[in-house]
Amino acid sequence: MTGTLTATGKAGRRVKGGRQAFIEQLMGVGFAFPAFLLLAVITIAPLIALVVLSFTDYELGATDTAVVGLANYNKALADPVFRRALRNTFLYVALVLPGAVLLGLFVAVLVQSRTRTRWIYQVIYFLPVTSTLIAMATVWQALLHPRLGPVGATLRLLGVGEVAFLSEPSLVLPTLAVIGIWQLLGFNMVLFMAGLSAIPRDLYEAAEIDGCTGALDRFVTITLPLLGPTTMFVIVTTSITAFKVFDTVAVMTRGGPAGSSEVLLYTIYLEAFQYFHTAYGAALTVIFLLFVLVFSGAQAFVLERRVHYG
Amino acid sequence: MASVELSGISKAFGDTSVLNGIDLSIRDGEFLTLVGPSGCGKSTLIRIIAGLEAQDQGSVALGGTPVDGLRPHERRVAMVFQSYALYPHMTVRENIGLPLVLSRLRLWERVPVLRLLSRRRRRIMPEVDQEVEATARQLHIEELLDRRPAQLSGGQRQRVALGRAMVRKPRAFLMDEPLSNLDAKLRVHMRSELAELHKRLGATFVYVTHDQVEAMTMSDRIAMMDAGRILQLGTPSELYERPANVKVASFIGSPAINFLPGRVVDGGAVELFGHLLPTTVDLPAGSPLGIGVRPEAISLTGPDPSPASFAVSATLLRKENLGPEFILHLAVGDARIPVVARIAAGPTLPEVDERVGLMISRTGCHLFGPDGNRIEARPVDSAPLRSVRAFPVGERVSQ
């Protein structure tokens, strides 16, 4: 390797211009190649395979396969199960997003104002982020069990009666959303706290002298606008995470009752790995990826363009 | 506009005492500078005046009325911060207008979207705009009104910060090292602009700096602070010409004052480099004295020494050319005591390592006792020049 480099160096000095430029280009490509290979094998190739699959009628274990064009996509658009899953997913995102962002901000402001006990609260709120959601889903299932769980017992004590959180179609998505918020809260809080500590103390003092009196006034005038970039980031990451909800559904409800908690990823999972409609699953995955792409695009665009203070 | 009265202000952070019983009376319309080394408590003091920090003891009065219990904005003072503390998400117009908006509009009238419902806001905002524009005109920043702070240079930000302070017509301007973040050239320029602004507004300015040049050039009076106390309060000339303390003497003036080893001899006379100064002090013979000599009180001896001075021998170590004048670094006598002199440029300047005679003006000598405080020397009327010994210096003097 060293020998090659030295030889290249000498050659470069002897022959100016074209040849040296070519060698430099070659070296550049050489250095980038391992990373490119990794990206190609891990991301790009499977993605191409996925898109190709989505235009066929392949089923797992089938011996012959035909290209069917957009048939899978047409089927998806007309499929009531898929449309229900899409609706459920968006409903779930609509519940989790404001909850996880606003509560995250609220908790961050409260925890930030602590000095000595701050780390205790940070650890407590961050615990759900570090724990395995599948294990935690089981715990939630036990907590929410209408007859055996402590939540049910408390509600009975209050005279509300028995509430079947996970088997009542109108309650199951909100319940899953609460668990989703619980899981995301700590992460969002940490992001917001990073944003909060980046606001110079001088600004609060200047605002105090300028007549910004109450905590709410200070929050509206200084904190909230200066958290703009952080808030955008939190909103986008939260939407993507919420859009990808799967674990809790798979463990706690299996899409039930009667499909009322069936979300996009769970439908894909069922189609591809339970019913072995591999090609149809691939088409749904492509649609799913398009949505994620929109969210990521929004993130890239919004974060680069607006809400950026030098 | 109002006077600022501080009486008995003390403040400690934990076990560290920062201010020890500060009494200071700042006149209405005065430009008073708090100057001192880092950690002397000057910033804490100005923050106490602003109400950002609460004093442990003592009282702050503005215009004769105590303001101790009042919140910062109720004291109606304005503050300019070293970092300028401009709101990065607001335009210059909004930055300058914020104090007015905050005092004239209710909270809900300032919340985005909701504020569109307020009819009062529609009436008030044009007035605010007018006042902001008038202020911007005074500072020559009209064309910057729609930019954000990130798009401004340091000097422009400084002006915006001043504008935000001026717009509400405060009773006093508090400035905490406002020029420290500017480059040297701009600082010189802003210095004269600030002094000019003070004259034009006729307002009370309380100015904190660690830069003695800023203090000397702009202030009506200077309060020199150290370790939570005011060492000396006076006009720039008083501090320069009659420093009350070794610390004041060495802090004020550039290049710094020279401290030479003097001594009290019999009858309270003061001896320096083998010469007697035309003064007497009330100290026992043999007491050591610090004798402060400004670099400009030293000159090179001509062939005929003036009777008001005395000459010692020195070696030139280094000279710095400042154009109209030279700063000479010299070693005096065999003891090679370092001395800095400021000499007008001329053709007869000595070369490095050359031996020269130095004349020290007798009236340019400040005496400081062992405790560091100034000793008021009694001039000896028409004292005849008594040369104890000419050269060499550094030996015991006998009369």
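Two strands pair if DSSP finds at least two bridges between them. Keep that rule at hand for the exercises on this predicted model.

**Exercise 1.** In which order do the six strands of the open sheet in chain B lie, and which strands stand at the edges?

*Solution.* 
- Step 1: Read off the order. In chain B it is E6-E7-E8-E3-E9-E10, and the pairing is mixed.
- Step 2: Look for strands with a single partner strand. These are E6 (77–80) and E10 (229–234) of chain B, so each has one side without a neighbour in the sheet.
- Step 3: Neighbouring strands are turned by 15° against each other on average, direction ignored.

**Exercise 2.** Do E6(B) and E7(B) pair in the parallel or antiparallel sense, and over how many bridges?

*Solution.* 
- Step 1: Strands of a sheet pair through backbone hydrogen bonds, either parallel or antiparallel.
- Step 2: Locate the partner. E7(B) covers residues 172–176.
- Step 3: Find residues that face each other. Val77(B) stands opposite Ala172(B) in E7(B).
- Step 4: Settle it. E6(B) and E7(B) pair in the parallel sense, over four bridges.

**Exercise 3.** Why is helix H1 of chain B largely enclosed by the rest of the structure?

*Solution.* 
- Step 1: Set the cut-off. A residue is buried if 20 or more other C-beta atoms lie within 10 Å of its own.
- Step 2: Apply it to residues 42–50 of chain B. Eight of the nine are buried, so H1(B) is largely enclosed.
- Step 3: Name some. Among the buried residues are Lys42(B), Arg47(B) and Ala50(B).
- Step 4: Look past the end. Gly51(B) follows H1(B), and its phi is positive, near 90°.

How values were computed
Residues numbered from 1 in each chain as written. Chains lettered and ligands numbered in written order. Predicted model: local features only at pLDDT ≥ 70, side-chain atom pairs only at ≥ 80, totals over all residues. Buried ≥ 20, exposed ≤ 12 C-beta atoms within 10 Å, placed from the backbone. Helix = DSSP H or I, 4+ residues; strand = E, 2+ residues; numbered from the N terminus. Axes fitted to C-alpha atoms, helices over the stretch in contact; angles between N-to-C directions.
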